[in-house]
Amino acid sequence: MYPCTKCGLPLDGPVCPRCGQAHSSPGRPVNQQPGQTQSPMTPWDESAPGPAMMAPAPVGGGPPPTPPTPPGAAPAPRGPVIIIAVAAISLLVLVGLIVVGWSYFFSGEGPTTTMAPSPTAEATLAPPPSPTSDSVPTAMQSAPPTAEPLSPSTPEPVTAPTSETEITVDVQDAARAELELRRTDSLPFIALDGRWVAVLSTKKSGTTDPQQTAKNGSHVFYEDDILALHEELALDFSGSARVLLVRTSDFGKQPKSGDVFWRTIADAGFTSKEDVTAWCGQYYSGTPKEIENSCLAREMLPPTTS
C-alpha cells in the first residue's frame with residue numbers, strides 16, 4: 001500500500017476512494033509529470049470529507065471540479081450584492097434628476113421664484129387660487145353650481161294691535177258680524193201680518209240713552225254694547241216671549257233721518273196695542289212715558305216712510 005499524494009489516505013488501488021485522485025504508480029498521481037515534486041504526505045484528517053462528498057478529479061491534469069454543496073448547508077449570502085445594486089440604481093436616478101433639473105433651469109422655462117413676505121403677528125391666509133380651464137376637468141367645468149339647502153321658513157309673528165283705536169275697530173267688527181248672524185236667524189220668524197210686538201231696544205252705534213247703561217259703564221252704545229244688551233234681554237224674557245233681532249228697515253215706519261237701527265223685539269202673540277202695554281207694565285216700572293222708552297208697542301207691517 002502507498003499513501004494518496006493528495007489526501008494521504010493509504011491506497012490499495014490506482015484511484016483514491018476518498019478524494020478520487022488517480023495514481024499511475026505508487027506515490028505519484030496519474031497527471032504528475034516526471035521531474036515534478038511530490039507533495040508530502042499529510043497525516044490522516046478525520047474531519048476531511050469522505051469519498052461520498054468529494055468529486056473525482058478529472059483525468060488529463062485539468063483543475064479539479066468544485067465539490068458539491070453538502071445537504072443542509074446554507075447558500076452563500078447575497079446581501080452585499082443587493083446593496084451594491086440598489087446603490088448603483090439610486091446613483092443613476094440621482095444623476096438623471098440633476099441633469100434634467102440643470103437643463104430645465106438654464107433653458108429659461110422654469111418657474112419664477114418669489115420670496116414670500118416674512119410672517120407677521122396677524123397673518124392673513126390667502127384664498128385658494130380659482131381653478132382654471134387647464135387645471136379643472138371638463139366634467140367639473142360644465143357641472144351646474146350646487147344649490148344650497150333651503151332653510152325652513154319661519155312664520156312671521158302676529159303683531160298684536162298696539163293702539164286703542166285698532167282694538168276698538170276689531171271688537172266692533174266682530175260685534176257687527178255677530179249682530180248680522182242674529183238677524184239672519186230671526187228673519188224666518190218675522191210675519192208682516194199686522195200682529196203686535198213689544199220693541200225692547202232701538203239703537204245704532206253711537207246712540208246715547210240716559211235711562212240705560214252700556215256695558216262699558218257709560219250711556220253711549222256701540223255695536224258690542226248693542227249685542228250685549230240684546231243677549232241680556234233674550235235671557236230675561238226667554239220664558240214669556242220669543243226675542244228676535246231685526247233692523248228698522250225690516251218692518252214698520254222708517255225713521256225720517258234714514259238711519260238704520262238695530263231692534264230687539266218680543267213676540268208673545270199679542271193681538272192689540274193694549275195687550276203689549278199691559279205686558280210691558282208687568283216688567284217695567286215708572287210713568288207710561290218712562291215705560292215706553294224701554295218697552296213700546298209696534299204693529300208688524302211692511303216698511304213704509306209715511
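Colleague: Which residues have the most contacts inside the largest nonpolar core?

Modeller: The model is a predicted one. Its largest nonpolar core comprises 24 residues. Those with the most contacts inside this core are Ala198, Leu200, Val276, Trp279 and Cys280.

Colleague: Which element gives the most to this core?

Modeller: Two or more residues each come from helix H3 (164–186), strand E5 (196–203), helix H4 (223–236), strand E8 (242–247), strand E9 (262–270) and helix H5 (273–283). With four residues, the element that gives the most to this core is H4.

Colleague: With which residues is Val276 in contact, leaving aside neighbours within four places in sequence?

Modeller: Val276 is among the residues with the most contacts inside the largest core. Leaving aside those neighbours, its contacts are Trp196, Val197, Ala198, Phe270, Leu296 and Ala297.

Colleague: Is Asp267 buried or exposed?

Modeller: Asp267 has its place in strand E9. The cut-off for buried is a relative accessible area under 20%. Because the relative accessible area of Asp267 is 16%, this residue counts as buried.

Colleague: Which side chain does Asp267 join in a polar contact of 3.3 Å?

Modeller: Not counting residues up to four places away in sequence, Asp267 touches Arg195, Trp196, Val197, Ala241 and Arg242. A polar atom of the Asp267 side chain also lies 3.1 Å from the backbone nitrogen of Gly269. The side-chain partner in the polar contact of 3.3 Å is Arg195.

Technical notes. Residues numbered from 1 in each chain as written. Predicted model: local features only at pLDDT ≥ 70, side-chain atom pairs only at ≥ 80, totals over all residues. Heavy atoms only, no water. Core = buried A, V, L, I, M, F, W, Y, C linked by side-chain atoms within 4.5 Å. Buried < 20%, exposed > 50% of the residue type's maximum accessible area, 1.4 Å probe, protein only. Contact = heavy atoms within 4.5 Å. Polar contact = N/O pair within 3.5 Å; in protein donor to acceptor, adjacent residues only side chain to side chain.
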